Amino acid sequence: MAFYLTTILFFPILGAVMLAGIPGRNRAAIRQATLAIAVIHFLIALPLWWLYAPGGADYQFVEHVPWIDSLGVEYHLGVDGVSVLLTLLTVLLTPLAVLGSWRYIDHHVKEFHILLLVLTTGMLGVFFALDLFVFYVFWELMLVPMYFLIGVWGGEQRVYAAVKFFLYTFLGGVLMLVGILALYFHHQGVTGVYTTSLADLMAIPVPGELQLALFLAFAIAFAIKVPMFPFHTWLPDAHVQAPAAGSVILAAVLLKMGTYGFYRFAMPLFPEAARQALPWIAGLAVVGVIYGAMVALVQPNVKKLVAYSSVSHLGFVMLGLFALNVTGVQGSVIQMINHGISTGALFFICGMLYERRHTYEIAQFGGLSTVMPVFAVLFMIVTLSSIGLPGLNGFVGEFLILVGMFQNHPWMTGIATAGVILAAYYMLRMFQSVMFGDVEIEANRKLPDLSGREVAVLLPLVALIVWIGVYPAPFLSRTEPSVDRFVERVTRTAGTQPAEVAELDADEAEPPEAVPAGLEGRP
Amino acid sequence: MNPEIQELLVAYRVVRPALFPVLPAAVLTLFGLLALLVDVFELGRTRGPAEGETGTPIMAPYLALIGTALALGCVGWQAARLETAGGPYFSGMVVLDGFGVFLSGVVLAGTLLTLLLTIGYCRRHDIHLAEYYHLILMAAAGMLIMVLAGNLITIFVGLELMSVGVYVLTGFRRTRLRSVEGALKYFVLGAFSTGFFLYGMALVYGAAGTFDLAGIRDAVSVPPASPVLLAGVALLIVGFGFKVALVPFHMWSPDVYQGAPAPVTAFMATGVKTAGFAAFVRVFMSTFDGLADQWIPVLWALAVLTMVVGNVAAIRQDDIKRMLAYSSIAHAGYLLVALIAHSDIGTAAFLYYMAAYTLMTMGAFGIVIVLGEKGTENTSIERDYAGIAWRHPLLAAAMALFMFSLTGIPPTAGFVGKFAILSAAVNSGHVPLAVLLVLTSVISAYYYLKVVVSMYMRASEREPIRSQVPAMAAIALLIAVVGVLGLGIFPGQWVEMARASVVAVTGLP
Amino acid sequence: MSEVGVGHYLTLSAILFTIGAIGVLTRKNAIIVFMAIEIMLNAANLAFVTFAMSIGDLGGLVMVLFVIAVAAAEAAVGLAIIVAMYRHRETVNVEAFTAMRG
Amino acid sequence: MAANWIWLVPALPLAGVLVNGLLGRRIGKGGVSVIGPGMVGAAFAVSLWLFLDLAARAPEARTLSQNVYTWISAGDFRASVAFLVDPLSATLMLVVTGVGFLIHVYSVGYMHDEDRRGFARYFTYLNLFTFAMLVLVMADNFLLLFVGWEGVGLCSYLLIGFWFKDRANATAGKKAFIVNRIGDFGFLLGIFLMFGAFGSVAFADVLPSAATVLDAGGPLAFWICLFLFVGAVGKSAQIPLYVWLPDAMAGPTPVSALIHAATMVTAGVYMVARSHALYDMAPAVLAIVAGIGAATALYAATIGLVQTDIKKVLAYSTISQLGYMFLGVGVAAYAAGIFHLVTHAFFKALLFLGAGSVIHALHGEQDMRRMGGLKRALPVTYWTMLAATLAIAGIPPLAGFFSKDEILWRTWDAGHPVLWAIGLATAGLTALYMFRLFFLTFHGSFRGTGEQRQHLHESPPSMTIPLTVLGALSVVGGWIGIPPAIGQTLGGVPNAIESWLAPVFADAHAEGAAHAAGEAHAIPPMEYALMAASIAVALLGILAARYLWLTRPELPVRIGLQFRVAATVLSNKYYVDELYDAIVVRPYNALSHFAWRVIDEGLIDGLVVGGTGAVVRWQSRVSSAWQSGAIPTYVTVFFGGVVAILVYYLFG
């Protein structure tokens, strides 16, 4: 198990290389091969679910290999509960994305699948990285394949959307890079050691003003990715233009990198600044919740509507992170997964609509329940999940976020809670326009219902929607210790820092008790 | 034994170690002359198509290649022997230090790649003169001299050897207006700047009483600086600024880059810039070390202007060579930031970036070169590059890699280089400069992406480019690709090497 | 007072240099521009010689030799370029060559 | 142990959902007809068993609970899927499964014309509803209650829009869901506050300690209760969130009977009663509850008076009766509120089913102006409807009389004469509009088309049997709650329901407990007087209805013309929908549009992002302009640079 994470991380690249050997003309073979690779990848990563020991070390499956000695950069990977869940989400969505693109992608099939696999590696790297340099490398790396996915296989405005996506994210990224460097030299100034290791950087106190500035540098990068209001305008364009699989990955995983960034880097590294900025960020999150819901309401385009709904949903996630208590953060984490599942499914659904009618205009549909009953059922469940119906996954996350946040910031939460009304409004309105009523447009009269392949795409997601909604305990329990530590770290006051750090070190030095044999703790 | 021979041997034993630092330059010169000579005697040429016409030189290109490779080997030898290498050489006119050796390697790598790319280019565009190779080697020799110079005179000589060669190379396709126009502009402005450079040298000489870099440092280390010295420094900044194309001394470069034959442009963008910066950095980091407070503000302003103007102007270019010219102006701005950092970290960053920059720029021009067709270089991004990704997938992928590297996206050499420069800037407290650097990089992303967009996301509306990649060019491109990725993914030893090379530069004799 | 000193030589050199520079700035004829540049180089030569004499160092004089050699080389190349240019446009007006711009 | 089998009650309908939903098309209509009602019937049987098990215990030991699993546990927050069966929930379980079973059976007949897929879908939804409603009433914590709460809302949405091909139906469903969500928003805030105050949302933690944690009349208690009540207002269609219920009549009629009359809409009443320990700490909110209840009762009754759609009349009647229930719980007569809930479930379900039978017979006709004289054609329907109408009108000894009177008396007794008067007036109006409906439908002459007349037929047994059963319940249902005032005269007949519920309500309401225990104490003479008054008012209403719509049918028209403004306002339901549309929906939509077009596309994307791009492009043009291509320009710029640096060094 020494290089378990590395195996997971680079397996898709290996797959991509193999794929490169298949002649581009043989599309079926490429699709099948990619599917096989993605499924194997999923199976390789799946044991994480069991092998990860929630009560064990902070980070597990840790890998530590010197990389750039002179800069103090190490190839340092590890996962905690949150990254385990996000990893599994990622590896689950990749095969589904392949399946979902089976017919959607009809040109340059080989290149598409290669990029999809490379993208997977990029995303996983972000979730595994315990070194800021490594993190940044993967953060930017995944930009490239996504850029191509949008730009080459997207809709009419694809180039504009792709470039906008790239520039927005890149802008945030480079500012963060300056922040990383400032922190790096600050650490060197304090300890005399050059390092980009997250744990080491977390161990030193950062003076107030510097901390705030650095936090902002990180926060802007992540806020763009989340995306938080008002940094969100790249999202609708990117989503509308991206091919179905691209939208799915974008919504389900890429956006999580923003919130994950807050969780893993921005907030633990700069806890005091995070607390100082809390009213602003939480305020923006609340605005995002309401604003996203409002703008979603008036969209004439299904995909754009779902895109704006993401702005709203991720506002909830941000709110939960800044609840700064375990309940809220747990909700936030579970909501990251939920959003990935539900919105991922919604974008698959958009893709299925598009495959049939080559349009996303809501007005072009109507009455589809009659002609596509199976589709109607699945679409309905996903819609309900998205509006947070209790018993489905969305509710668990939203409720925990709100109940957690409410304990600290009742007014903001009160406003954000109104989001649940608005969500019902725009989602049901869209659902009704697409699915209910009589079939009025001739082209819709003979639409085929979902094929077996399409059902296979949606079914796992729907199963998860119900599972998390009904029995979220396995998910919550896996993240609870990690979230505990996060909350403890972020809420700790400055005065107690040295002692706490020492304690932390002591903890790390002890062999983790609950880790099964053969798993490494932190060295 | 014949006493004369013995005498010669003794002389050789004395001379040999003294020649050691200039060995690569000597090898280049030798082979350059050889290439010219064999051609003069019409050796190694194919028969011309008609009686009395010249054929294609066969031997000259390979002589040039071999010479460059040998020179590179000599640099390797130098690197290996660096620690035991004594000095001073040529009374201090030449220094042999890690800094110089590293950059010699970079220059020669650039030259080698240029040559590899040139051979196919010349064949395609019917350039059948061996002088071409001769000039490249001589210019490269000039560059090496600049890189190792320990004296302002040496710098000047190297500079001129390089410049004159490149003037001619720029106008080499003399039947084409643009080539000649480029040469004219380069020449007039180059000579003009030489005037300033010389006058600056004179003033510094007047203030310090010597041309020797170490001597000048000793002389000027006592403040306050006299106005004569400051004026001299100012004019040296102008002179170097011209060679490396800093705004506002950059205006020649877009026109010249666009007009010159593509391999020459590549050579200029890499070799000339490297050599210019090498001397620039050496003079300012060591010789004018004590005057840092005086020159940093000026360079600061120039860096800001260079990064902004270079990047901003690039976004509206359609000609890829012109776009790359502006891009190289912008990169000069980044490199200047490393100099402004005024620290070992900064210098190491400079070295690393120079290597990375050479590889990625060379790669980008390499693609430009191989995509040319007989009679046209196919340089329009919008028209010629549209949709080539699906016709030439490997070339396009490589081009995309170079573009992303120039943008600074990991895992490429460009990213690590930018990381290094940013580190240096932040470490020295030039955070605003660092922020400006990254913001202008975002602008740069726009025009680099434009190339990618055109290649991958636009449909071609012209008849397809028929282009075969000559084997030599393929090797060059492969080297560039491997280099860009290698320096990006495993930058460790290169960073290490750059760091180690810096130690020596401060220990200037 | 009336002794011709370093200051005078340097002033002359500076004046020459300025004349040369202004020549480059104002004249359009490539050959005249080139000659103006030569004036600048020679102004620098004058400065070298002056400083060399005042310091008592040979370096400056050596430098002048290099400059003269380089100027000759540049003249050769420069004139060749001007000839090539004339072949294209039948003019040596530098403003006539603006095929590349922007 | 009975407690170990509690889960079976909700699980049975859930099994029905799975079978009907997944295999519905395979097992066919016949299979679905067995599974759908069968599962609910089985749930009823289990409920009955649990009820008997409870009844066999000592009053203070009448609590069964079962923790199925921990649902959510995150940080301090914990919520379980756990069920509580106590007298209150047992009562509701019986109502839900019992009435639910009858309506399921009825539906088999009513929905007969649906195709296979639709039939299965219908029973899937209906079973799902039963499941959710059972979760709601059996939950042992507020969060699980909320699950059921939203679950029933979902089913309501699905069933209202069951015939989704007509966009109006789907729209009505959507409206119901969204308006309910507004209430749920309040409910959620209430839960948040409660969790903050108590650190738990379980009944067992919150309710017993309410008196110690909350200050009586304090702001915390006030806000918790008020927010919870907002939820109740939404779900139980009270002012100002009642607007969805009349539209909800778009659903199939059995659905209206089950969801929009008998069970779901009473969830608010149940919830207030369940959390009475909290409400007792917030008298101000109780006053609001009572006030809104009374106002809604009267208000809806006035609208009901002029509606012509038979189901709309019943819908407004439901709103009105729910108002009564809130009036009851608002004056802390929780048992009385629940009592009315139970009796109302019987007679209102019956009224809807009867109306359904009529509609069925008339092939979908719902306008009373095209009915009349159906007495002969639909005898079973007629007689059962009569029982129900009398019950709702409050004629003794039918069900409605006892429960309604109990509420009125307790209102008076609690010192709210004004609310009592409103209640009384409403009682009169209820009798009036219900008999208007009755007379217009069954008496007089038939006003429909000839074709309709030919096809008039009594409904099949699957429909008439439930009608009969409910008819019987409407008659006798009230006898479980005979007030002492009558009970003592009858020889000590106890108030069964009150004493049954006493363990639930006793702790907070000592007086009620004593009252309920059937202890003989002086009956104030006022109680008899008020009783007489309400009977008189009811009779008056019936007579007036008879006069207006049977004897002088042209008179209502004349009155309408006379008071044209009032009539228009009433028949347009006080223009409240239009009002909401104007002050909420349209501004919200307009604002959304503004946010999109102006803020998103204009300000952020246009001005900031586009502006940045424009500035860069403009700069680029400027740079290009300098790059003129002419050597003199280049030299000049170059020289400018030289001069600038020299000036900086020599003069700077």
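**Exercise 1.** Classify Val40(B) in this predicted model: is Val40(B) buried or exposed?

*Solution.* Start with the cut-offs: buried is under 20% relative accessible area, exposed is over 50%, and partly exposed lies in between (1.4 Å probe, protein chains only). Val40(B) has 54% relative accessibility, so Val40(B) counts as exposed. Now place the residue: Val40(B) is in helix H2 of chain B. Helices are DSSP runs of H or I with at least four residues, numbered from the N terminus.

Local features here need pLDDT of at least 70, and side-chain atom pairs count only at pLDDT 80 or more. Residues are numbered from 1 along each chain, and chains are lettered from A in the order in which they are written.

**Exercise 2.** Describe the ring pair of Phe211(B) and Phe48(C).

*Solution.* A pair of aromatic rings is described by the distance of the centres and the angle of the planes. Recall the rule: rings of Phe, Tyr and Trp (its six-membered ring) pair if their centres lie within 6.5 Å; planes under 30 degrees apart are stacked, over 60 edge-to-face, the rest tilted. Here the centres are 5.6 Å apart and the planes are at 50°, so the pair is tilted. The pair crosses between chains: Phe211(B) is in the loop between helices H7 and H8 of chain B, and Phe48(C) is in helix H2 of chain C. Both residues are buried.

**Exercise 3.** Classify the pair of Phe162(D) and Trp163(D), then the cover of each residue.

*Solution.* The centres are 5.9 Å apart with 70° between the planes, an edge-to-face pair. Phe162(D), at 1% relative accessibility, is buried. Trp163(D), at 33%, is partly exposed.

Conventions: Heavy atoms only, no water. Helix = DSSP H or I, 4+ residues; strand = E, 2+ residues; numbered from the N terminus.
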